[in-house]
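Please keep the sequence and the structure in view while reading.

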Amino acid sequence: MSDIKIRSKNLNVYYGEKQALFDVNLDLNEKEVTALIGPSGCGKSTFIRCINRMNDVIDICKVTGNIEIDGIEINDKNLDVVSLRERVGMVFQKPNPFPKSIYDNISYGPKIHGKGESKDELDEIVESSLRKAALWEEVKDRLDEPGTGLSGGQQQRLCIARAISVNPEVILMDEPCSALDPIATAKIEELIDELKTAYTIVIVTHSMAQAVRVSQKTGFFHLGKLIEVGETEKIFKNPDNKMTQDYITGRFG
Amino acid sequence: MTKEQRLKKRHSAEKRFRFYGLASIFIALLFVVILVHNIFSKGSSAFMKTAINVDVFFDQELLGIPNNPSKEQISDADLYDVAIESILKVYPASGLDQENALIDLFTIDAEIEIKKALIKNPNLIGKTITLEITASDDIDQLHKGNYPRELPEDRRRISDYQLQIYDTLVEDNKIVKNFNTYYFQNGDSRDPELAGIGGALVGSFYSIIICLLLAFPVAVLASIYLEEFAPKNKITDFIEININNLAAVPSIVYGLLALQILLATIQLPRSTALVAGITLALMTLPRIIIPCRASLKAVPPSIREGALAVGASKFQSVFHHVVPLALPGTLSGTIIGLAQALGETAPLILIGMVAFVVDIPSTPIDPSSSLPVQVYLWSESAERGFVEKTSATIMMLLSFLIVMNFLAVYLRQKFEKRWN
């Protein structure tokens with residue numbers, strides 16, 4: 001059994017009057033892939049956005065309860081979100097490369113965190129990040145071309161490389177393949193499999209098959225509540241909860 | 001109704017709509033053509049002026065200066081007598097009346113023009129040279145065909161005798177046209193042949209620079225703060241509504257504001273480019289903030305999230321990513337705001353820019369005019385020569401506006417980045 005990297009306790013999230021998460025208690029293991037599944041609007045994305053405090057951006061959003069990373073509370077007003085986000089990277093639903101060169105897309109993160117003082121160091125970070133994201137071979141000759149000129153799948157891998165570039169411990173992925181074709185999706189899934197040796201990964205997905213393929217642990221959300229969580233194999237073969245059973249067999253959602 | 005009928009009806013509705021659209025575009029273009037034609041046909045002649053060839057004899061006795069004079073001696077010299085003597089030789093006039101009629105055919109600055117020639121070449125003393133001396137406004141207009149010479153003499157400013165001189169001079173090929181440098185170099189004048197937009201150009205230039213320096217940074221910072229940092233609540237909503245309202249406030253109200261605050265209370269110097277610039281900045285501020293905020297808003301939130309997710313602070317995500325992307329829109333909004341300010345007349349009239357200013361301002365705190373106010377001033381003048389000057393100045397103003405608007409479009413198209 002792996003160590004627990006992220007632990008949420010009684011996590012509640014409100015968007016104004018509306019409550020989006022109800023008392024979520026979820027432990028995520030280190031260097032494992034945890035998949036979060038559930039129908040649209042069930043709070044999966046809201047949950048992972050709590051882990052890097054991305055919900056701070058939304059004025060009306062209020063978060064109560066605890067989230068700990070390595071036993072340290074992060075849902076704390078005094079916590080420096082910049083260093084939190086350096087440790088917890090994120091990949092979004094729609095690829096969102098900066099409208100800059102491929103090189104600048106990757107080197108931006110290291111630069112603002114003071115990593116890679118010299119050009120050589122930066123070059124090295126860019127290369128290793130792109131290699132880890134399995135994009136290096138495709139773009140090594142055109143690093144100065146705009147990142148927005150790549151194909152959708154390449155753009156998403158560029159965003160993964162960007163997240164890796166600051167050497168995070170956790171990578172959050174919010175439906176990273178929803179805008180991609182099956183071939184690009186397969187590449188990203190392969191990549192996730194490799195990345196889990198070095199990073200703790202949380203992936204939100206609408207594809208049951210994807211959850212089965214990439215994750216070790218799966219959590220099922222419904223209407224803001226965490227219904228069931230467990231080994232992926234168990235959740236998909238023999239869930240304890242009737243609702244989980246109904247969802248994975250496609251009876252609702 | 002059968003299917004064919006319905007289809008036919010649909011097609012004819014579409015055709016009708018296309019016809020209405022084309023017709024309205026045609027009407028709009030027609031008005032533009034009429035306007036431009038009107039301005040050009042009246043104004044283009046202002047860029048040339050009429051001059052009369054005069055043989056000027058620099059008589060050392062009349063000049064009263066020694067051989068090899070110093071520069072000061074030349075510029076202090078009185079060339080009135082030389083000018084009069086030379087002009088009187090152009091046509092055999094006899095008697096004071098006729099002589100005066102002849103002298104009146106020339107600009108009152110004839111003496112100065114002759115002096116300039118001498119300053120340029122001091123070796124001319126004791127020699128005769130043919131100079132193109134600027135004609136009076138009446139001769140200028142007559143020569144350009146704008147003067148109704150068929151009117152009875154008592155209703156004309158030019159006497160029959162003067163017409164006779166003019167016709168003789170034309171026959172002798174002594175009347176020439178040359179480029180109207182006065183129009184670009186001189187300040188305003190009571191004499192149309194000497195009046196120019198030099199002062200108005202400089203005044204407008206200073207006003208716009210001051211307006212840019214004040215309005216641009218304030219507007220950009222205000223929009224960045226309001227769009228990116230300010231909490232969304234009742235107060236910011238109220239501010240937003242007020243900014244939109246201020247952009248719609250008639251410009252003359254800003255003139256009243258400036259009159260009370262800048263002139264009466266702070267006692268800044270009246271009819272100066274400084275006050276004009278501040279007034280225009282106040283007026284332009286909301287007009288820049290609105291496009292500026294719109295272009296910030298147009299940057300997709302995913303860019304901000306992308307930057308925040310790699311650990312950029314709010315400030316970094318805004319200034320490294322959002323602002324550079326919004327810059328083309330911001331710049332073009334600013335230029336269009338400035339172009340509006342450049343053409344603004346009403347507030348400047350209230351702060352005293354309608355004053356008759358002859359000197360070209362050398363600093364922003366000298367009394368000055370501005371292009372649109374100059375148009376207003378000249379359009380009210382009675383002299384025939386100001387008609388073409390009014391139109392010519394409108395042409396100048398329009399060409400500045402067109403250049404600025406093209407620049408705005410160019411900047412936006414060149415630097416705008418696409419994110420999809």
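## Helices, sheets and the contact between chains

Helix α12(B) is followed by B:Gln267, whose phi is positive, near 60°. Helices (H or I, at least four residues) and strands (E, at least two) are DSSP runs, numbered from the N terminus. The model is predicted, and local features need pLDDT of at least 70, side-chain atom pairs count only at pLDDT 80 or more, while totals for chains, interfaces and linings use all residues. Residues are numbered from 1 along each chain as its sequence is written, and chains are lettered from A and ligands numbered from 1 in the order in which they are written.

Two helices may be set side by side. The expected span in the table is 1.5 Å times one less than the number of residues of the helix.

| Helix | Length | Span, first to last C-alpha | Expected span |
|---|---|---|---|
| α12(B), residues 251-265 | 15 residues | 20 Å | 21 Å |
| α6(A), residues 152-165 | 14 residues | 20 Å | 20 Å |

Helix α12(B) bends by about 30° at B:Ala258; the bend is the angle between axes fitted to the seven residues ending at a residue and the seven starting there. B:Ala258 is also buried, as are B:Tyr254, B:Gly255 and B:Leu262. A residue is buried if 20 or more other C-beta atoms lie within 10 Å of its own, exposed if 12 or fewer, and partly exposed in between, with C-beta atoms placed from the backbone. An α-helix has 3.6 residues a turn, so residues three or four places apart point the same way. The cover over the buried residues of α12(B) includes α13 (273-297) and α16 (346-350) of chain B.

In chain A, 13 of the 14 residues of α6(A) are buried, so this helix is largely enclosed by the rest of the structure. Helix α6(A) lies across β6 and β7 (170-174) of chain A and runs at about 170° to β6(A). For such angles, axes are lines fitted to C-alpha atoms, for helices over the stretch in contact, and angles run from 0 to 180 degrees between N-to-C directions. After α6(A) comes A:Asn167, with a positive phi near 55°.

Chain A also holds an open sheet of 6 strands in the order β6-β7-β8-β3-β9-β10, with mixed pairing. Because β6 (88-91) and β10 (225-231) stand at the edges with a single partner strand each, one side of each is left without a neighbour in the sheet. The twist averages 15° from one strand to the next. Two strands pair if DSSP finds at least two bridges between them. Strands β3 (33-37) and β9 (217-222) of chain A pair in the parallel sense over 4 bridges, and A:Leu36 has A:Gly219 in β9(A) as its bridge partner.

In chain B, strand β1 (48-57) pairs in the antiparallel sense with β3 (175-179) over 5 bridges. Strand β1(B) also pairs with β2 (128-134), again antiparallel, over 7 bridges.

Which residues of the two chains meet? Contact means that the C-beta atoms of two residues, placed from the backbone, lie within 7 Å. In these terms, 18 residues of chain B are in contact with 22 residues of chain A. On the side of chain B that touches chain A, the elements giving two or more residues are α14 (301-309) and α15 (314-342) of chain B. The largest share, 6 residues, comes from α14(B).
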